[in-house]
Amino acid sequence: MKNTLFIVLVLFVIFNCSAQKKYKYPETPKDSFIDIYFDDKIYDPYQWMENSEDSRLNNWLNTQNRLTERETDKYLDKWTLRSQIGSMYYDVKYDESHSYMKKNDSLKGKYIFKYRKSSTKRSLDLLYKRRGSELNFNKLFNIKDYTPDKNSHIDITNTYVNEDYDLIAIEISNNGSDWREIYFFNLITGEQFEHKLKNIRISSSCIWLKEAFVYDAFDTPEKGRELLDKAKGQKLYYHNLTESQSEDKLLYQNPDVTGTNSFRFSKRDEKIIFHHYLTVKGKTYRALSLGNIRPESFYLSKFLIYPNSKEIQMTVEELEGDVAILNTNWEAKNGRVLKANINQLNQVSEFIPEYDIMLKNVNKLGKNKLACIYFYNGKDVALIFNLEGELLRRIDFPEGKKLNYLYESNEDVTHTDFSISSFYHPDIWYQLSLEDLTFKPAGTTSIPYDAEKLETKYVTYTSKDGTEVPMYITHLKGVELDENNPTLLYGYGGYGVTVEPRYDQSQTLWLLHGGVLAVPNIRGGGAKGNEWALAGRRLNKQKAIDDFISAAEFLISEKYTNPEKLAINGGSHGGMLVGASMIQRPELFKAVIAEAGPFDMLRFEKYTVASVNVNLNEFGNTAFEEDYFNLKSYSPLHNIKEGVKYPNLLLITGSDDDRVPPLHSYKFLATLQDKGSNTSLYILHVVNGSGHGGAISSEEFTQKISKKYSFLFNQLGIRI
């Protein structure tokens with residue numbers, strides 16, 4: 001009897017092993033590239049993929065696309081899901097124009113602007129009319145007219161309105177590129193000026209000075225290297241709208257010709273504030289200055305010099321007469337507010353002290369008031385002060401909600417609006433009296449589901465080294481902790497960025513179908529201030545990864561889910577995060593969706609913005625031995641092991657991404673398909689004509705989101 005049972009058991013195991021599906025991946029050509037770092041040889045067989053002109057790449061991408069389509073076409077519910085996603089994004093009616101107007105204060109005067117979709121194949125056009133006019137909106141910027149070919153996607157990325165002279169500058173991006181162009185229009189006639197500006201970057205500053213335009217631009221990128229090389233040669237120009245860009249007056253050139261450090265500027269009450277670097281006796285400092293700009297001259301009048309430390313953040317929030325109001329963490333880890341005399345060097349005093357909760361924002365609130373927004377234990381807290389520093393009112397907002405737009409630049413109004421958003425509902429608007437600081441609901445929001453059926457909790461869990469980490473968990477009320485809930489764990493964890501409650505229609509659809517959404521505020525982000533960000537930066541990057549992995553372990557131990565029902569997702573820095581997590585702890589996850597992530601951390605700094613100061617501070621530099629070995633230790637590409645069964649993976653990248661080039665996704669995929677167990681699925685979705693910032697049509701956006709959530713629903717067993 002025992003022998004019979006043993007034979008049956010063996011046959012059962014053999015049958016199940018042989019029945020386990022195996023994927024046949026296309027063979028990817030290998031070359032013999034070897035990079036040497038500190039006598040450490042790194043074999044890089046797919047380095048040829050870094051050359052977008054290599055003839056082998058297009059064939060490889062076509063083969064991968066056929067594989068992806070073949071696998072994703074099997075999802076039975078994909079058309080139903082696509083229809084539901086389309087309804088969530090395009091059929092839900094709520095007041096988007098409210099937030100658009102609030103975010104563009106300069107548009108609240110003489111003219112009214114709005115965006116309108118004329119085709120699902122293109123981005124939104126810009127329309128306008130004069131305020132008070134009974135005439136219909138006129139189309140000012142027709143996206144179709146600026147689209148050079150069918151493979152290009154043009155997107156309006158910014159507008160600069162000059163109501164005093166009835167002018168507007170419209171900034172556009174082609175295929176989501178960080179390179180921008182600017183066009184100028186006369187708002188009285190709607191006519192476009194003859195000349196445009198090129199070589200603008202996503203980081204460029206632009207302001208109006210009467211009828212002239214002041215901006216910073218960079219050297220023309222080498223042809224064919226636009227998506228790969230770092231921008232250099234930052235210069236400040238004065239532009240006359242009636243002349244070509246070649247005639248623009250050069251006012252100032254960044255002394256850092258490497259493109260590592262850059263200057264920026266903004267306009268405050270007709271004064272121009274410059275953030276720049278200053279070298280004194282061979283030592284570099286940061287400085288705040290007044291910029292004095294004339295067509296024929298330019299000079300900086302410094303009013304604050306402070307240490308050139310990557311830990312220090314300094315923002316000029318407002319100007320009140322000759323006083324600059326500064327939001328900073330300088331000698332205050334939770335943040336504080338300073339006053340600086342703009343006419344005297346380093347005449348600084350404390351205005352609002354550091355508290356035991358973290359300061360997020362400092363906003364002007366009409367005449368003689370400031371709104372300071374703090375964050376504590378998953379809640380936003382607004383403290384409203386007068387300009388003598390006296391606290392006028394404290395407003396506490398609910399856990400799991402985010403406060404938005406609590407500011408007012410107009411000193412003559414008696415009321416202003418703000419909103420509250422969450423992971424599962426869009427902005428809900430309120431009107432605030434600037435006289436007695438009371439508020440009441442303003443406007444209505446209509447959504448095709450009952451938001452009251454959902455809830456968000458803010459919990460803490462213990463990371464690998466004992467650190468307590470906070471996390472948002474959102475789901476339907478009354479969810480059973482039976483270990484069987486399909487769960488999506490989303491992460492970012494870099495650059496001091498805090499992932500806060502933000503409405504996302506597709507995530508909401510996930511929740512309505514019974515999914516759990518978990519968002520940990522891991523180290524490297526900014527949830528607990530600058531020290532929290534530094535604790536997950538550069539040599540501490542593994543701590544951020546540990547925090548994310550520990551979040552997965554918490555969800556499993558607390559019986560929210562199990563490894564067969566757990567997926568992880570992240571984009572950009574978050575793409576690297578989930579890539580590293582799946583390589584280090586493959587047994588924890590069923591599926592991974594990694595979007596536009598850097599996966600080759602040893603060659604990351606060689607392309608585009610990866611070698612600018614902010615990225616070197618975040619990750620380090622392979623020129624330094626300590627940085628090199630640290631990067632190698634967690635680089636997703638370099639830690640893939642032979643024969644390991646990694647989670648099923650969907651990589652998403654933009655073909656024209658010039659911030660994190662798609663070569664990272666290509667090399668990562670090729671290596672996984674070559675080394676990883678072929679019982680796991682590794683596929684790639686390339687969004688053609690898209691950059692890091694998107695710039696895709698609504699049709700392509702729906703396709704991308706549908707692909708993502710079809711994969712997710714299928715992997716975790718959600719039927720619609």
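**View 1. Strands β11 and β12 pair in the antiparallel sense.** This close-up comes from a predicted model. Strand β11 covers residues 212-217, and strand β12 covers residues 235-240. The two are joined over 6 bridges. One of the pairs to look for is Ala212 with its bridge partner in β12, Asn240. Strands of a sheet pair through backbone hydrogen bonds.

**View 2. An open sheet is built from 4 strands.** Read the order as β10-β11-β12-β13. The pairing is antiparallel. Strands β10 (206-209) and β13 (249-253) are the edges, and each pairs on one side only. Neighbouring strands in this sheet are turned against each other by 25 degrees on average, direction ignored.

**View 3. Strands β1 and β2 form a hairpin.** Strand β2 (residues 40-43) pairs with β1 in the antiparallel sense, over 4 bridges. Between the two strands lie 2 residues. Find Phe38 in the turn: its phi is positive, at about 50 degrees. Ile34 sits in strand β1, which spans residues 34-37. The bridge partner of Ile34 in β2 is Tyr43.

**View 4. Side chains alternate along β1.** In a regular strand, side chains alternate between the two faces of the sheet. Here, Asp35 and Tyr37 point to one face and are buried.

**View 5. Ile34, Ile36 and Tyr43 make a nonpolar surface patch.** The patch has an area of about 340 Å².

Definitions and conventions: Residues numbered from 1 in each chain as written. Predicted model: local features only at pLDDT ≥ 70, side-chain atom pairs only at ≥ 80, totals over all residues. Heavy atoms only, no water. Pairing = 2+ DSSP bridges. Axes fitted to C-alpha atoms, helices over the stretch in contact; angles between N-to-C directions. Patch = residues over 30% accessible without salt bridge, like charges linked within 9 Å, V, L, I, M, F, W, Y side chains within 5 Å. Areas by Shrake-Rupley, 256 points an atom, 1.4 Å probe, with all protein chains shown as cover. Salt bridge = Lys/Arg side-chain N within 4 Å of Asp/Glu carboxyl O. Buried < 20%, exposed > 50% of the residue type's maximum accessible area, 1.4 Å probe, protein only.
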